[in-house]
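Subject: Structure for you to look through

Hello,

Here is the structure I said I would pass on. Please open it first, then read my notes on it below.

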Amino acid sequence: MFNPFFTQQELRQTVFGSAASPPRGEWTRTGINYGAASGEYPYGLRTPRNATRGMQSVLQAFIIKYFIFDCKPRDKSVVMEELLKPTEAEQAQALYLAISDILWNIGEKTKALIVLPGENSLIPHSHAYFQDNVTEKLFFFEFTKLDEMQIFMKRYLPYFTENPGPGALLLLYSAVVTRGMENLRNDLDAPKGAHLMGPYEEGSLNIVTLMLTGRATPYLHNGVVYVGDEDHYALPQFGILGRGSIGLLVWEGENEAMRSASRQPGSRLKTPATPVWVSCCCGHYGVLFNSNRELLRNYHAEKRFELHYYTCAGCYISMTVDNRQQEDGADDGDGDGERKQSDMVSTPLERLIHTKWMEAKLTYHGPLPASLNF
(Lines give C-alpha, C1' and ligand atoms only; values in the text may rest on other atoms or scores of the structure.)
Protein backbone atom coordinates (compact mmCIF):
# COMPACT_ATOMS: atom_id res chain seq x y z
CA MET A 1 0.00 0.00 0.00
CA PHE A 2 1.21 3.46 -0.95
CA ASN A 3 0.93 6.62 1.16
CA PRO A 4 0.39 9.55 -1.26
CA PHE A 5 1.79 13.01 -0.72
CA PHE A 6 -1.64 14.53 -1.36
CA THR A 7 -4.90 14.19 0.53
CA GLN A 8 -8.21 12.69 -0.51
CA GLN A 9 -9.59 16.20 -0.09
CA GLU A 10 -7.19 17.53 -2.73
CA LEU A 11 -8.10 14.64 -5.00
CA ARG A 12 -11.77 15.53 -4.95
CA GLN A 13 -11.00 19.21 -5.40
CA THR A 14 -8.92 18.46 -8.51
CA VAL A 15 -11.50 16.15 -10.06
CA PHE A 16 -14.81 17.78 -9.12
CA GLY A 17 -13.84 21.35 -8.26
CA SER A 18 -14.86 21.24 -4.62
CA ALA A 19 -14.47 19.08 -1.55
CA ALA A 20 -17.07 21.03 0.41
CA SER A 21 -19.97 19.87 -1.76
CA PRO A 22 -20.83 16.33 -2.89
CA PRO A 23 -19.66 15.07 -6.30
CA ARG A 24 -22.14 14.27 -9.04
CA GLY A 25 -24.07 11.31 -7.71
CA GLU A 26 -23.68 9.03 -10.73
CA TRP A 27 -19.96 8.67 -10.05
CA THR A 28 -20.56 6.97 -6.69
CA ARG A 29 -23.26 4.59 -7.95
CA THR A 30 -22.19 3.55 -11.47
CA GLY A 31 -20.24 0.33 -11.78
CA ILE A 32 -18.47 -1.04 -14.86
CA ASN A 33 -20.67 -3.78 -16.31
CA TYR A 34 -21.15 -5.82 -19.46
CA GLY A 35 -24.38 -7.04 -20.90
CA ALA A 36 -25.09 -10.75 -20.35
CA ALA A 37 -22.60 -13.09 -22.03
CA SER A 38 -25.56 -14.98 -23.46
CA GLY A 39 -27.24 -11.82 -24.73
CA GLU A 40 -26.79 -9.43 -27.63
CA TYR A 41 -23.38 -7.72 -27.94
CA PRO A 42 -21.69 -9.55 -25.03
CA TYR A 43 -18.47 -7.61 -25.70
CA GLY A 44 -20.26 -4.36 -24.88
CA LEU A 45 -20.37 -2.41 -21.64
CA ARG A 46 -23.74 -1.08 -20.52
CA THR A 47 -23.70 2.39 -19.02
CA PRO A 48 -26.51 4.84 -18.22
CA ARG A 49 -26.41 8.16 -20.05
CA ASN A 50 -24.49 10.02 -17.40
CA ALA A 51 -21.10 11.65 -16.87
CA THR A 52 -19.29 8.30 -16.69
CA ARG A 53 -20.07 7.32 -20.28
CA GLY A 54 -17.18 9.14 -21.97
CA MET A 55 -14.64 7.41 -19.74
CA GLN A 56 -16.37 4.04 -20.10
CA SER A 57 -16.38 4.49 -23.90
CA VAL A 58 -12.58 4.66 -23.79
CA LEU A 59 -12.57 1.48 -21.71
CA GLN A 60 -14.94 -0.07 -24.25
CA ALA A 61 -12.55 0.78 -27.08
CA PHE A 62 -9.68 -0.98 -25.28
CA ILE A 63 -11.92 -4.00 -24.67
CA ILE A 64 -12.85 -4.21 -28.36
CA LYS A 65 -9.18 -3.87 -29.31
CA TYR A 66 -8.36 -6.72 -26.94
CA PHE A 67 -10.98 -9.09 -28.35
CA ILE A 68 -10.20 -8.37 -32.01
CA PHE A 69 -6.44 -7.76 -32.06
CA ASP A 70 -4.76 -8.71 -28.78
CA CYS A 71 -6.06 -12.21 -28.06
CA LYS A 72 -3.95 -15.00 -29.45
CA PRO A 73 -5.93 -16.09 -32.51
CA ARG A 74 -7.54 -19.43 -32.11
CA ASP A 75 -7.80 -19.56 -35.88
CA LYS A 76 -6.81 -16.80 -38.27
CA SER A 77 -9.98 -17.43 -40.25
CA VAL A 78 -12.26 -16.70 -37.27
CA VAL A 79 -14.67 -13.92 -38.24
CA MET A 80 -14.99 -10.79 -36.14
CA GLU A 81 -18.47 -11.71 -34.94
CA GLU A 82 -17.07 -14.83 -33.27
CA LEU A 83 -14.21 -12.91 -31.64
CA LEU A 84 -16.82 -10.61 -30.11
CA LYS A 85 -18.73 -13.42 -28.36
CA PRO A 86 -16.82 -13.79 -25.09
CA THR A 87 -17.75 -16.00 -22.18
CA GLU A 88 -18.17 -14.48 -18.70
CA ALA A 89 -14.57 -15.43 -17.87
CA GLU A 90 -13.34 -13.79 -21.09
CA GLN A 91 -15.39 -10.67 -20.33
CA ALA A 92 -13.72 -10.34 -16.92
CA GLN A 93 -10.25 -10.96 -18.35
CA ALA A 94 -10.70 -8.32 -21.05
CA LEU A 95 -11.93 -5.83 -18.44
CA TYR A 96 -9.08 -6.12 -15.95
CA LEU A 97 -6.48 -6.21 -18.73
CA ALA A 98 -8.00 -3.12 -20.39
CA ILE A 99 -8.01 -1.20 -17.10
CA SER A 100 -4.41 -2.23 -16.47
CA ASP A 101 -3.39 -1.19 -19.98
CA ILE A 102 -4.97 2.26 -19.60
CA LEU A 103 -3.38 2.95 -16.21
CA TRP A 104 0.01 1.62 -17.31
CA ASN A 105 -0.01 3.96 -20.31
CA ILE A 106 -0.95 6.91 -18.09
CA GLY A 107 1.98 6.04 -15.82
CA GLU A 108 4.31 6.11 -18.85
CA LYS A 109 4.83 2.35 -18.51
CA THR A 110 6.90 2.74 -15.37
CA LYS A 111 4.31 2.80 -12.58
CA ALA A 112 0.59 3.00 -11.88
CA LEU A 113 -1.67 3.46 -8.87
CA ILE A 114 -4.97 1.77 -8.09
CA VAL A 115 -7.37 3.10 -5.46
CA LEU A 116 -9.75 0.94 -3.47
CA PRO A 117 -12.13 1.90 -0.64
CA GLY A 118 -11.71 0.61 2.89
CA GLU A 119 -14.33 0.26 5.59
CA ASN A 120 -13.60 3.34 7.69
CA SER A 121 -13.57 7.04 6.89
CA LEU A 122 -10.16 8.66 7.06
CA ILE A 123 -11.51 12.21 6.82
CA PRO A 124 -14.35 13.48 9.05
CA HIS A 125 -17.38 15.27 7.67
CA SER A 126 -16.95 19.05 8.05
CA HIS A 127 -17.71 22.39 6.42
CA ALA A 128 -14.55 21.90 4.32
CA TYR A 129 -15.20 18.27 3.35
CA PHE A 130 -18.53 16.69 2.41
CA GLN A 131 -18.31 12.91 2.75
CA ASP A 132 -19.33 10.88 -0.32
CA ASN A 133 -18.75 7.44 1.27
CA VAL A 134 -15.93 6.67 -1.20
CA THR A 135 -13.22 9.32 -1.38
CA GLU A 136 -12.62 9.57 2.37
CA LYS A 137 -12.15 5.77 2.58
CA LEU A 138 -9.55 5.38 -0.17
CA PHE A 139 -6.35 3.39 0.04
CA PHE A 140 -3.66 3.70 -2.63
CA PHE A 141 -1.70 0.79 -4.13
CA GLU A 142 1.35 1.46 -6.29
CA PHE A 143 2.76 -0.90 -8.92
CA THR A 144 5.99 -0.77 -10.88
CA LYS A 145 5.41 -4.00 -12.81
CA LEU A 146 2.53 -4.48 -15.22
CA ASP A 147 2.02 -8.18 -14.52
CA GLU A 148 1.72 -7.54 -10.77
CA MET A 149 -0.90 -4.86 -11.39
CA GLN A 150 -2.85 -7.22 -13.66
CA ILE A 151 -2.92 -9.89 -10.94
CA PHE A 152 -4.10 -7.29 -8.41
CA MET A 153 -6.82 -6.03 -10.77
CA LYS A 154 -8.04 -9.57 -11.41
CA ARG A 155 -8.32 -10.21 -7.68
CA TYR A 156 -10.13 -6.97 -6.84
CA LEU A 157 -12.21 -6.56 -10.00
CA PRO A 158 -15.51 -6.91 -8.03
CA TYR A 159 -14.86 -3.45 -6.52
CA PHE A 160 -15.15 -2.04 -10.03
CA THR A 161 -18.08 -4.15 -11.24
CA GLU A 162 -20.41 -3.80 -8.25
CA ASN A 163 -23.65 -2.18 -9.44
CA PRO A 164 -24.75 0.11 -8.04
CA GLY A 165 -21.27 0.90 -6.87
CA PRO A 166 -18.39 3.34 -7.31
CA GLY A 167 -16.46 1.36 -9.95
CA ALA A 168 -16.40 4.21 -12.48
CA LEU A 169 -15.15 6.63 -9.82
CA LEU A 170 -12.44 4.21 -8.69
CA LEU A 171 -11.17 3.95 -12.25
CA LEU A 172 -11.20 7.73 -12.69
CA TYR A 173 -9.42 8.31 -9.37
CA SER A 174 -6.85 5.63 -10.27
CA ALA A 175 -6.15 7.41 -13.56
CA VAL A 176 -5.85 10.80 -11.86
CA VAL A 177 -3.47 9.69 -9.09
CA THR A 178 -1.38 7.73 -11.59
CA ARG A 179 -0.97 10.88 -13.66
CA GLY A 180 -0.31 12.96 -10.53
CA MET A 181 -2.13 16.06 -9.28
CA GLU A 182 0.41 18.63 -10.42
CA ASN A 183 0.84 17.01 -13.83
CA LEU A 184 -2.91 16.88 -14.33
CA ARG A 185 -3.38 20.55 -13.44
CA ASN A 186 -0.63 21.43 -15.91
CA ASP A 187 -2.32 19.29 -18.55
CA LEU A 188 -5.57 21.25 -18.24
CA ASP A 189 -3.74 24.51 -19.05
CA ALA A 190 -6.53 26.42 -17.32
CA PRO A 191 -6.79 29.13 -14.66
CA LYS A 192 -6.08 28.23 -11.05
CA GLY A 193 -8.99 26.34 -9.54
CA ALA A 194 -10.00 24.62 -12.79
CA HIS A 195 -11.01 21.00 -12.38
CA LEU A 196 -11.22 17.89 -14.53
CA MET A 197 -14.94 17.22 -14.58
CA GLY A 198 -16.91 20.02 -16.25
CA PRO A 199 -20.71 20.16 -16.68
CA TYR A 200 -21.00 17.79 -19.64
CA GLU A 201 -23.80 15.22 -19.73
CA GLU A 202 -21.60 12.29 -20.79
CA GLY A 203 -18.30 13.49 -19.38
CA SER A 204 -15.52 15.92 -20.15
CA LEU A 205 -13.30 15.44 -23.19
CA ASN A 206 -10.37 16.03 -20.81
CA ILE A 207 -11.21 12.73 -19.07
CA VAL A 208 -11.23 11.01 -22.46
CA THR A 209 -7.83 12.39 -23.46
CA LEU A 210 -6.41 11.40 -20.07
CA MET A 211 -7.57 7.81 -20.53
CA LEU A 212 -6.55 7.66 -24.20
CA THR A 213 -3.24 9.49 -24.24
CA GLY A 214 -2.11 9.63 -20.60
CA ARG A 215 -2.50 13.41 -20.47
CA ALA A 216 -5.69 15.36 -19.70
CA THR A 217 -5.10 17.82 -22.49
CA PRO A 218 -7.90 19.97 -23.96
CA TYR A 219 -5.87 20.29 -27.18
CA LEU A 220 -6.30 17.64 -29.86
CA HIS A 221 -3.81 18.85 -32.49
CA ASN A 222 -0.50 17.10 -33.14
CA GLY A 223 2.48 18.11 -31.04
CA VAL A 224 3.11 21.53 -29.51
CA VAL A 225 1.73 24.76 -30.95
CA TYR A 226 2.85 28.19 -29.71
CA VAL A 227 -0.04 30.66 -29.41
CA GLY A 228 0.35 34.39 -28.87
CA ASP A 229 -0.06 37.81 -30.46
CA GLU A 230 1.70 41.15 -30.57
CA ASP A 231 0.58 41.94 -27.03
CA HIS A 232 1.33 38.57 -25.44
CA TYR A 233 4.24 36.17 -25.40
CA ALA A 234 3.68 32.98 -27.39
CA LEU A 235 2.81 30.18 -24.98
CA PRO A 236 2.89 26.48 -25.76
CA GLN A 237 -0.27 24.40 -26.17
CA PHE A 238 0.63 20.76 -25.70
CA GLY A 239 -1.53 18.59 -27.92
CA ILE A 240 -1.16 14.91 -28.80
CA LEU A 241 2.51 14.02 -28.47
CA GLY A 242 2.43 10.53 -29.96
CA ARG A 243 0.30 8.06 -31.87
CA GLY A 244 -1.60 5.68 -29.62
CA SER A 245 -3.34 2.35 -30.14
CA ILE A 246 -6.84 3.90 -30.01
CA GLY A 247 -7.97 6.96 -31.97
CA LEU A 248 -10.48 9.76 -31.38
CA LEU A 249 -12.95 11.39 -33.76
CA VAL A 250 -14.93 14.48 -32.75
CA TRP A 251 -17.82 16.36 -34.32
CA GLU A 252 -19.53 18.97 -32.18
CA GLY A 253 -22.22 20.14 -34.56
CA GLU A 254 -22.41 23.83 -35.33
CA ASN A 255 -20.76 24.87 -32.07
CA GLU A 256 -18.17 27.33 -33.36
CA ALA A 257 -16.25 27.39 -30.07
CA MET A 258 -15.48 23.70 -30.49
CA ARG A 259 -14.35 24.06 -34.10
CA SER A 260 -11.07 25.84 -33.45
CA ALA A 261 -8.01 24.09 -34.80
CA SER A 262 -6.82 23.05 -31.34
CA ARG A 263 -10.14 21.26 -30.69
CA GLN A 264 -10.07 19.21 -33.88
CA PRO A 265 -8.25 15.85 -33.71
CA GLY A 266 -4.99 15.78 -35.63
CA SER A 267 -3.64 12.87 -37.64
CA ARG A 268 -2.22 11.15 -34.55
CA LEU A 269 -5.74 10.71 -33.20
CA LYS A 270 -7.38 10.10 -36.57
CA THR A 271 -4.88 7.38 -37.57
CA PRO A 272 -4.11 5.22 -34.51
CA ALA A 273 -2.17 1.96 -34.46
CA THR A 274 -5.37 -0.12 -34.65
CA PRO A 275 -8.63 0.73 -36.45
CA VAL A 276 -10.54 1.53 -33.26
CA TRP A 277 -11.75 5.05 -32.45
CA VAL A 278 -13.58 6.61 -29.54
CA SER A 279 -16.14 8.99 -31.02
CA CYS A 280 -17.64 12.15 -29.57
CA CYS A 281 -20.61 13.22 -31.67
CA CYS A 282 -22.51 16.28 -30.39
CA GLY A 283 -21.37 15.39 -26.88
CA HIS A 284 -22.44 11.73 -27.13
CA TYR A 285 -19.79 9.02 -26.97
CA GLY A 286 -19.40 5.74 -28.82
CA VAL A 287 -16.79 3.50 -30.44
CA LEU A 288 -16.09 2.96 -34.16
CA PHE A 289 -14.09 -0.09 -35.20
CA ASN A 290 -12.98 -2.36 -38.00
CA SER A 291 -11.23 -5.74 -37.80
CA ASN A 292 -8.63 -5.21 -40.55
CA ARG A 293 -5.26 -3.84 -39.35
CA GLU A 294 -4.39 -3.00 -42.95
CA LEU A 295 -7.10 -0.33 -42.97
CA LEU A 296 -4.59 2.13 -41.49
CA ARG A 297 -1.58 0.87 -43.43
CA ASN A 298 -2.76 0.28 -46.96
CA TYR A 299 -4.46 2.99 -48.99
CA HIS A 300 -6.33 0.40 -51.05
CA ALA A 301 -7.98 -1.04 -47.92
CA GLU A 302 -9.71 2.32 -47.39
CA LYS A 303 -11.48 2.28 -50.73
CA ARG A 304 -14.38 0.23 -49.40
CA PHE A 305 -14.69 -1.34 -45.98
CA GLU A 306 -17.06 -2.24 -43.16
CA LEU A 307 -17.29 0.03 -40.13
CA HIS A 308 -19.04 -0.81 -36.87
CA TYR A 309 -20.39 1.59 -34.26
CA TYR A 310 -21.27 0.73 -30.67
CA THR A 311 -22.37 2.86 -27.72
CA CYS A 312 -22.50 1.87 -24.08
CA ALA A 313 -26.28 2.23 -24.27
CA GLY A 314 -26.22 -1.11 -26.11
CA CYS A 315 -26.72 0.54 -29.52
CA TYR A 316 -25.00 -1.10 -32.51
CA ILE A 317 -24.82 -0.11 -36.18
CA SER A 318 -22.97 -1.73 -39.07
CA MET A 319 -22.23 0.21 -42.24
CA THR A 320 -20.19 0.14 -45.44
CA VAL A 321 -17.86 3.09 -46.07
CA ASP A 322 -17.20 3.67 -49.76
CA ASN A 323 -14.42 6.10 -50.70
CA ARG A 324 -14.14 5.11 -54.35
CA GLN A 325 -16.04 8.13 -55.68
CA GLN A 326 -13.15 10.31 -54.50
CA GLU A 327 -10.86 8.92 -57.16
CA ASP A 328 -13.06 7.68 -59.98
CA GLY A 329 -16.37 9.48 -59.56
CA ALA A 330 -18.18 6.23 -58.84
CA ASP A 331 -21.90 6.48 -59.42
CA ASP A 332 -24.05 6.37 -56.30
CA GLY A 333 -26.80 4.56 -58.13
CA ASP A 334 -29.19 7.44 -58.79
CA GLY A 335 -28.07 7.85 -62.40
CA ASP A 336 -26.58 11.33 -62.24
CA GLY A 337 -23.11 10.39 -60.99
CA GLU A 338 -23.27 12.94 -58.14
CA ARG A 339 -24.40 12.82 -54.57
CA LYS A 340 -26.17 15.77 -53.10
CA GLN A 341 -24.44 17.39 -50.15
CA SER A 342 -27.59 17.07 -48.09
CA ASP A 343 -27.49 13.29 -48.63
CA MET A 344 -23.87 13.10 -47.49
CA VAL A 345 -24.50 14.76 -44.14
CA SER A 346 -27.95 13.50 -43.28
CA THR A 347 -27.03 12.35 -39.75
CA PRO A 348 -24.59 13.59 -37.10
CA LEU A 349 -22.87 10.20 -37.22
CA GLU A 350 -22.16 10.68 -40.93
CA ARG A 351 -20.71 14.13 -40.25
CA LEU A 352 -18.49 12.57 -37.62
CA ILE A 353 -17.23 9.89 -40.02
CA HIS A 354 -16.61 12.52 -42.68
CA THR A 355 -14.07 14.18 -40.37
CA LYS A 356 -11.88 11.14 -41.16
CA TRP A 357 -13.14 10.09 -44.62
CA MET A 358 -14.29 13.36 -46.14
CA GLU A 359 -16.10 12.18 -49.28
CA ALA A 360 -17.23 8.77 -48.09
CA LYS A 361 -20.60 7.36 -49.00
CA LEU A 362 -22.17 5.40 -46.13
CA THR A 363 -24.57 2.53 -46.52
CA TYR A 364 -26.21 1.41 -43.30
CA HIS A 365 -27.07 -2.24 -42.77
CA GLY A 366 -30.50 -2.12 -41.21
CA PRO A 367 -32.54 0.74 -39.71
CA LEU A 368 -30.85 3.39 -37.57
CA PRO A 369 -31.68 3.15 -33.85
CA ALA A 370 -33.75 6.00 -32.44
CA SER A 371 -30.97 6.72 -29.93
CA LEU A 372 -28.88 8.14 -32.80
CA ASN A 373 -31.07 11.23 -32.94
CA PHE A 374 -28.55 13.26 -30.98
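There are 12 aromatic pairs here, where rings of Phe, Tyr and Trp (its six-membered ring) pair if their centres lie within 6.5 Å, and planes under 30 degrees apart count as stacked, over 60 as edge-to-face and the rest as tilted. (Buried means under 20% relative accessible area, exposed over 50%, and partly exposed in between, with a 1.4 Å probe and protein chains only.)

Another pair, tryptophan 277 with tryptophan 357, is edge-to-face, at 5.5 Å centre to centre and 80° between the planes. Tryptophan 277 belongs to strand E6 (residues 276-281) and tryptophan 357 to the loop between helix H14 (348-354) and strand E10 (361-364), so the pair ties together parts 80 residues apart in sequence. Tryptophan 277 is buried, with a relative accessible area of 0%, and tryptophan 357 is buried at 4%. An aromatic cluster is formed by Tyr41, Tyr43, Phe289, Tyr310 and Tyr316.

A note on the source: this is a predicted model, in which local features need pLDDT of at least 70 and side-chain atom pairs count only at pLDDT 80 or more, while totals for chains, interfaces and linings use all residues. Residues are numbered from 1 along each chain as its sequence is written, and side-chain values use heavy atoms, with hydrogens and water left out.

The protein chain has 14 helices and 10 strands; these are DSSP runs numbered from the N terminus, helices (H or I) of at least four residues and strands (E) of at least two. Of its 374 residues, 52% count as buried.

Now the helix packing. Helix H3 (residues 53-70) packs against helix H5 (residues 88-106) at an angle of about 115°, with the axes 9 Å apart. Axes are lines fitted to C-alpha atoms, for helices over the stretch in contact, and angles run from 0 to 180 degrees between N-to-C directions.

Regards
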